[in-house]
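Okay, thanks for making time, everyone.

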Amino acid sequence: MKHLFTMGYRVAAFTSVALASFSMSAFAQDAAEEAATGGVVEKNMLDKWIVDGGWTMIPIILLLAAILFLAVYNIIALRKDKFCPEDLKTTLLQLMAECRVRSAIEVAAGSPTYLGRLVAYALPNVDATRPEDLGRDAVEDAIADFTANESRSLFKWINMLSLCAQISPMLGLFGTVQGMVEAFGVLAATGQADPTQLAGSISVALLTTFWGLINAIIATPFFFFQKNIANSNVAECVGTVQEMVNTSINVVNAEAQLARIPEGLA
């Protein structure tokens, strides 16, 4: 996981620097062309949709790069084989069905998955002196402690998507307000009310709001979708540990349970 984050961080940093450099060079090139041609520049798609948005487009583009990085990073980090792989789950259930608690702990300790770490943390609380429930309450308390501690790191990068989704529209609105203030400032200084020029200035100012909303539209579904996946993976791991403990309890108390069955119902 640490190697994955380091690699992803480097990719995101390189992408961010590249986008920032590209945007700055585009702004500088546009200014140079405007000065060379006396203020008349034929705009391409890059100018119309990004460069005309002004300097505020730079942090918005960087946020877009961060959103894409976080989405891809979380997709990789939330894979099922990193939480509750089927082979490990089957092995642990089989060991607990044979009441081999120590063997289950050793197998789990050798797995870096969420389920492996959870089992290695919770099962040492099994109390063999209490055959009626094997100390299930202590095991469930350990499960609650583990999930509470792990949720901080698990949801940290997922919550970053939510943060980006909230910041982007506000940053876009800031750029729009700034652009409109500049447009009306020029209008007040010149004293000339050119509707065509004013409409063009407003449309340019709205570019930042447009891209801020685009960022939010991309980040919000990823946030909720990946949050649900994380919760589902954690719930499956917790359910597996509970099933393991219940299996051992049933095995230990099998004879007592059969003895309590009324005659004729067995």
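**Rings first, then the core**

So, searching the whole structure turns up 8 aromatic pairs. Keep in mind as we go that this is a predicted model.

Let me start with Tyr 114 and Phe 146. Their ring centres sit 5.3 Å apart with the planes at 75°, and that angle is over the 60-degree cut-off, so we call this pair edge-to-face. Where do Tyr 114 and Phe 146 lie? Tyr 114 is in helix H6, residues 114-122, while Phe 146 is in helix H7, residues 136-154, so the pair ties together parts that are 32 residues apart in sequence.

Are these two buried or exposed? Tyr 114 has 3% relative accessibility, so it counts as buried. Phe 146 comes out at 7%, and it counts as buried too.

Now, Phe 146 has another partner. The rings of Tyr 121 and Phe 146 have centres 5.7 Å apart, but here the planes are at 45°, so this pair is tilted. Once again distant parts of the chain get linked: Tyr 121 belongs to H6 and Phe 146 to H7, 25 residues apart. Tyr 121 itself is partly exposed, with a relative accessible area of 40%.

Okay, on to the nonpolar core. The largest one has 50 residues. Which residues have the most contacts inside it? Those are Leu 92, Leu 115, Leu 118, Val 119 and Leu 123. As for who contributes, at least two residues each come from H3 (57-77), H4 (86-97), H5 (101-109), H6, H7, H8 (156-190) and H9 (195-252). H9 gives the largest share, with 10 residues.

Take Leu 123 as an example. Leaving out residues up to four places away in sequence, Leu 123 touches Met 96, Val 101, Ala 104, Ile 105, Met 244 and Val 245.

Let me zoom out to finish. How many helices and strands are there? The chain has 10 helices and 0 strands. Of its 266 residues, 35% count as buried. If you look at contacts between residues at least 6 apart in sequence, 77% of them join residues at least 24 apart. And the accessible surface of the chain is about 15300 Å², with 64% of that belonging to carbon and sulfur atoms.

That's my tour, so over to you.

Definitions and conventions
Residues are numbered from 1 along each chain as its sequence is written. This is a predicted model: local features need pLDDT of at least 70, side-chain atom pairs count only at pLDDT 80 or more; totals for chains, interfaces and linings use all residues. Side-chain values use heavy atoms; hydrogens and water are left out. Rings of Phe, Tyr and Trp (its six-membered ring) pair if their centres lie within 6.5 Å; planes under 30 degrees apart count as stacked, over 60 as edge-to-face and the rest as tilted. Helices (H or I, at least four residues) and strands (E, at least two) are DSSP runs, numbered from the N terminus. Buried means under 20% relative accessible area, exposed over 50%, partly exposed in between (1.4 Å probe, protein chains only). A nonpolar core is a set of buried Ala, Val, Leu, Ile, Met, Phe, Trp, Tyr and Cys residues joined through side-chain atoms within 4.5 Å. Contact means heavy atoms within 4.5 Å. Accessible areas come from the Shrake-Rupley method with a 1.4 Å probe; for residues, only the protein chains shown count as cover.
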